[in-house]
Each structure stands twice: as structure tokens, then as C-alpha cells.
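This report describes selected features of one protein chain. Please look over the sequence and the 3D structure before reading on.

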Amino acid sequence: MSGIGAGSLREMLGASKDPEFHLKLLDGWERHVPDASDREAIDAEMKRRCMEANRPDLHAHLRMQMDQAFSLMKQQNVIAYFAPTGAPTGDVYIPGSMFATIRRAPNGESLDGYVTHAIQTYDAKPLFGDKRFIRFERESTKELQGGSIVMTSMVYVTPIPGSNHRRGLQLTASVARPVEMAATDPLFVGWKTAFDVCASTLRWSPPRA
């Protein structure tokens, strides 16, 4: 049953479909579904760019990174991801990504316990005062060739309508900054605010037939 997603499994068991969610995305960002066709399209574009740059060796390295990313998304049951793959109308670049997963409480319980844990452990707070969302941050330092970067993840969780608070949509946005860039740097704060605004635009619509 490894090929059956959480949503399709629920539907096979007779449960109703979850509603669709929509976001107003950042400039130049697009929504993707991490499936085989999306993977092939990304690989073809990477190969084209590497060939144009006369770097066929680089394509193999990038493809390995892409395979690792898709494998991780499968493990985490990612249902959608968002990336700057479109043509931006401005010149603002945010070095990050965002993906969506379904958060469930164990044993079919309410998510209230998870929310309490996030408040106590990560100082979670409502997003812009909107109590439909909780928001918290996590931070880690990663070593790369030539230096280190700080990865900051902003996590947003909101109940899925009709789930009786047993399931929630979780959006996780990650952004990287050099270790020498302070967390209070206006540019970095602007990046985080852009993701906050994006998450706050979440709207629901009836599920597809």
C-alpha cells in the first residue's frame, strides 16, 4: 500500500474528501505536486540549463539533490510544495521553499495536545493575531562547502474544516541566511514576513469531485 496516499486511503475507507486549500503565492512562486511528472519536468529543465552552461557534470549532482528532496517529501507525506520556479515580475529573491503536509493527532484525538505542546516548547502564537493559525519557528545551522548557513523554518498549522480538529494543514516555510547575517537584519525579517503574509492568505474551497 506504499503507493496509496493518505487522502486516497481515507476515501477508500468511505471518508469524505478534505476541502481544497489555496494561497496567494509570492512573486514568481508556483505550486507543485511532488509526483513523477513534476519530477521529470524539473529534471528536464535542469538538464537544459546545464547543457546551455556547458556543464553536463553539474546535472548529475543536481539530479542527486533533487532525488533526495523528492524522497524526503515522500517520507513526510508532502501533498504540495511551493518554489520560485516561475518568472518573477520584480527583482526580490527569497532563498527558501515551502511545503504542505497533513498534521494528525495520534489515535484519532484532537490536535489540542499538539497545539499545547507547540506553545510550551516552541512559543507558538497566533499568526497576525488570527487564532485559526498557530505559528512557531525552529532554527539550525548547516555546514556547507566554504562555510555555514542558518536554516530557519516557520511552521503554520490550522485545522482542516470538517475534521473536528483531528487533522490540520501544516505549512512549513524554510529560508536560509549566512551565519554572519543577524536574525534582526531587515532583509531576513522581510523574508520571514513575506512567508507569514503568504500563509495568512489561506482559503478553503469545496473538494474536487
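## The second largest pocket

The lining of the second largest pocket is made up of seven nonpolar residues, two polar ones and one charged one. In this count, Ala, Val, Leu, Ile, Met, Phe, Trp, Tyr, Cys and Pro are nonpolar, Asp, Glu, Lys and Arg are charged, and the others, Gly among them, are polar. The lining residues are Leu 26, Asp 27, Gly 28, Trp 29, Pro 84, Gly 86, Pro 88, Val 92, Tyr 93 and Ile 94. The pocket holds about 150 Å³ of space.

Rolling a probe the size of a water molecule over the atoms shows where empty space is left. On a 1 Å grid over the protein atoms alone, a pocket is an open set of points where a 1.4 Å probe fits, with protein on both sides within 12 Å along at least five of seven lines, and a lining residue has an atom within 4 Å of a point. Grid points are joined across faces, edges and corners, and the volume is the space filled by probe spheres set on the points.

## Basis of the report

The model is predicted: local features need pLDDT of at least 70, side-chain atom pairs count only at pLDDT 80 or more, and totals for chains, interfaces and linings use all residues. Residues are numbered from 1 along each chain as its sequence is written, and side-chain values use heavy atoms, with hydrogens and water left out.

## Helix α5

Helices (H or I, at least four residues) and strands (E, at least two) are DSSP runs, numbered from the N terminus. Helix α5 covers residues 186–200, and its 15 residues should span 21 Å at 1.5 Å a residue, which agrees with the 21 Å between its end C-alpha atoms. The expected span is 1.5 Å times one less than the number of residues.

Residues are called buried under 20% relative accessible area, exposed over 50% and partly exposed in between (1.4 Å probe, protein chains only). The buried residues of α5 are Phe 188, Trp 191, Lys 192, Ala 194, Phe 195, Asp 196, Cys 198 and Ala 199. Their cover includes the strands β4 (96–104), β5 (125–127), β6 (130–144), β7 (147–159) and β8 (167–178). Why is Asp 196 counted as buried? Its relative accessible area is 9%. Leaving out residues up to four places away in sequence, Asp 196 touches Leu 127, Phe 128, Arg 135 and Tyr 156, where contact means heavy atoms within 4.5 Å.

## Two residues with positive phi

Most residues other than glycine have a negative phi. Phe 128 is not a glycine, yet its phi is positive, about 55°. Phe 128 sits in the loop between β5 and β6 and is exposed, with a relative accessible area of 54%.

Asp 123 also has a positive phi, about 60°, without being a glycine. The loop between α4 (112–122) and β5 holds Asp 123.

Ser 97 belongs to strand β4. With a relative accessible area of 33%, Ser 97 is partly exposed. Ser 97 and Ser 174 are 77 residues apart in sequence, but their C-alpha atoms are 5.5 Å apart in space. Beyond four places away in sequence, Ser 97 touches Trp 29, Phe 82, Thr 172, Ala 173, Ser 174 and Phe 195.

Asp 43 is part of helix α2. Is Asp 43 buried or exposed? Asp 43 is buried, at 13% relative accessible area. Its contacts, not counting residues up to four places away in sequence, are His 59, Arg 63 and Met 66. From Asp 43 to Ala 60 is 17 residues in sequence and 9.9 Å from C-alpha to C-alpha.

## Two partly exposed residues

Asp 35 lies in the loop between β2 (30–32) and α2 (36–52) and is partly exposed, at 33% relative accessibility. The side chains of Asp 35 and Ser 37 make a polar contact at 3.0 Å. A polar contact is a pair of N or O atoms within 3.5 Å; within protein, one must be able to donate a hydrogen and the other to accept it, and residues adjacent in sequence count only if both atoms are side-chain atoms.

His 117 is in helix α4 and is partly exposed, with a relative accessible area of 40%. His 117 and Trp 29 are 88 residues apart in sequence, and their C-alpha atoms are 32 Å apart.
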